[in-house]
Amino acid sequence: MEMFYFLVFGGLGAVVAAVELSKTNKDRINTTTAFNSFKNNYLVVYSLMMAGDWLQGPYVYFLYSQYGYGKGEIGQLFIAGFGSSMLFGTIVGSLADKQGRRRACVTYCITYILSCITKHSPQYKVLMIGRILGGIATSLLFSAFESWLVAEHNKRGFEQQWLSITFSKAIFLGNGLVAIVSGLFGNLLVDTFALGPVAPFDAAACFLAIGMAIILSSWTENYGDTSENKDLLTQFRSAAVAIASDEKIALLGAIQSLFEGSMYTFVFLWTPALSPNNEDIPHGFIFATFMLASMLGSSLASRLLARSTLRVESYMQIVFLVSSVSLMLPIITSLLVTPSKVRGGSISFSGCIQLLGFCTFEACVGLFWPSIMKMRSQYIPEEARSTIMNFFRIPLNLFVCVVLYNVDAFPITVMFGMCSIFLFVASVLQRRLMVIADKSRPQEWSLKERDNEAEPLNI
């Protein structure tokens, strides 16, 4: 493995350690023992859930190819997963508001465990059922757990600002450290112990079962709108009205879809971007480097969110702009650097530049997750939280399905250019959201300012 990869990984590791160790009292929020116990319980569960997800990711495509399926058939399986998340996942995820968020989290565990079990069969129909179950589980993972956390946090009377601590720690652990360890553990099972490509899915099912046991034994139930006369269609209509009538919610949904759509597209594009001539690149090590960059982003987010004077809506404009520029690098390098025509070999000079840009983008991803969670907790109404969050994922899943279907139809630079434009638009929309949020602040603030201005007249 080339020294360049070690330098990037080591540099990022050093920066993450420096950021974490250099935190002062200004970067920390004083909390209570009861909150820390609640937070740690959630972090353990969330980390187990993410371990169950991360263990599967690197081996899904490999497993299907081992069963003898070609690129077209595998592409159909992936499209089925995102399509299922868009259709069935939206319905199942929305039931969490009425039937209970804790119950929805348990449903996620059961659904994903069943999806893991289907990987033991080489039959295409069984694998298709597994992808459909996986799509449903994904919708629950990204809506039910956050909805339960926000409702339970408020129900227990904890301060609103403390939510940012849980959000940033959840991303630091679940989307960073756990992802790296899961990748190494999966590699250990498949390569070192030679247990085959199904082994990571069995391990994932075990982690999900452990997490489900903790949920059943320590979590209480909470709901959104518990109106008995409110059916699912009415619930959908209420969520749609909430989005249409409140521009802040609509903007938040558009921002999330634009960023996540670009993020999922990046997942499909980074390998061909770094190895256009089949260069020999260490995929697993690069993936771990990306996750380390994401940890850096979430660590920075915890600092930013701890400062009450700094608004999320303000710094996220910069984050979206930086991410937009970082995904422009493949286009810039293709114009400025003469492409190599040598097949194979090690990563090219333009590939090294792009890798640094991709690490920057992953750091922006680490900043994005806790920040968007914070904004969702502020703007989305509690009674329809899960429903609205799943509504946000509809355009995202539709976009990813279209990209997957046409991934070979456009040059890779066009795809990156499209993602860069989406991220720039997200920055513009974020600016608009901040302006609207400023206008809708409680009137008592303006009254206070008026009183302060009038004070000198009484002297």
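This is a predicted model: local features need pLDDT of at least 70, side-chain atom pairs count only at pLDDT 80 or more; totals for chains, interfaces and linings use all residues.
Good morning. The crossing of helices α15 and α17 is left-handed; a crossing is called left-handed if the near helix is turned anticlockwise from the far one by less than a right angle, and right-handed if clockwise. Residues are numbered from 1 along each chain as its sequence is written, and side-chain values use heavy atoms, with hydrogens and water left out.

Let me stay with that first pair of helices. Helices here are DSSP runs of H or I with at least four residues, strands are runs of E with at least two, and both are numbered from the N terminus. Two packed helices are described by the angle between their axes and the distance between the axes. The axes are lines fitted to C-alpha atoms, for helices over the stretch in contact, and the angles run from 0 to 180 degrees between N-to-C directions. Helix α15 (residues 349-379) packs with helix α17 (residues 412-439) at about 35°, and their axes are 14 Å apart. On the α15 side, Phe 358, Phe 361, Met 375 and Tyr 379 meet Phe 416, Leu 423, Gln 430, Leu 433 and Ala 437 in α17; contact means heavy atoms within 4.5 Å. By class, this contact of α15 with α17 has 8 nonpolar residues, 1 polar and no charged. In this scheme Ala, Val, Leu, Ile, Met, Phe, Trp, Tyr, Cys and Pro count as nonpolar, Asp, Glu, Lys and Arg as charged, and the others, Gly among them, as polar.

The second pair is α5 and α7. Helix α5 (residues 101-118) and helix α7 (residues 144-155) have axes 9 Å apart, at an angle of about 150°. That angle makes α5 roughly antiparallel to α7; angles under 35 degrees count as roughly parallel, over 145 as roughly antiparallel, 65 to 115 as roughly perpendicular and the rest as oblique. The crossing of α5 with α7 is left-handed. Arg 101, Arg 102, Ala 104, Cys 105 and Tyr 108 of α5 make the contact with Ala 144, Phe 145, Ser 147, Trp 148 and Ala 151 of α7. Those residues comprise 7 nonpolar, 1 polar and 2 charged.

Phe 266, Trp 270, Thr 271 and Leu 274 of α11 touch His 283, Ile 286 and Phe 290 of α12. This contact of α11 with α12 has 5 nonpolar, 2 polar and no charged residues.

I turn now to aromatic rings. How many aromatic pairs does the structure hold? There are 34 aromatic pairs. Rings of Phe, Tyr and Trp (its six-membered ring) pair if their centres lie within 6.5 Å; planes under 30 degrees apart count as stacked, over 60 as edge-to-face and the rest as tilted. Phe 4 and Tyr 5 form an edge-to-face pair, because their planes stand at 65°, with ring centres 6.0 Å apart. Tyr 5 is buried at 3% relative accessibility, whereas Phe 4 is partly exposed at 21%; buried means under 20% relative accessible area, exposed over 50%, and partly exposed in between (1.4 Å probe, protein chains only). The rings of Phe 9 and Phe 285 form a tilted pair, with centres 5.1 Å apart and planes at 40°. This pair links distant parts of the chain, since Phe 9 lies in helix α1 (residues 3-21) and Phe 285 in helix α12 (residues 283-306), 276 residues apart. Ring pairs also join a cluster that includes Tyr 108, Phe 145 and Trp 148.

Finally, some individual residues. Arg 393 is in helix α16 (residues 385-405). Is Arg 393 buried or exposed? Arg 393 counts as buried, at 3% relative accessibility. Apart from neighbours within four places in sequence, its contacts include Ser 85, Gln 256 and Glu 260. Ser 324, in helix α13 (residues 312-326), is also buried, at 7% relative accessibility. Ala 194 is in the loop between α8 (163-192) and α9 (199-218), and is exposed at 59% relative accessible area. Most residues other than glycine have a negative phi. Ala 194, however, has a positive phi of about 50°. Thank you for your attention.
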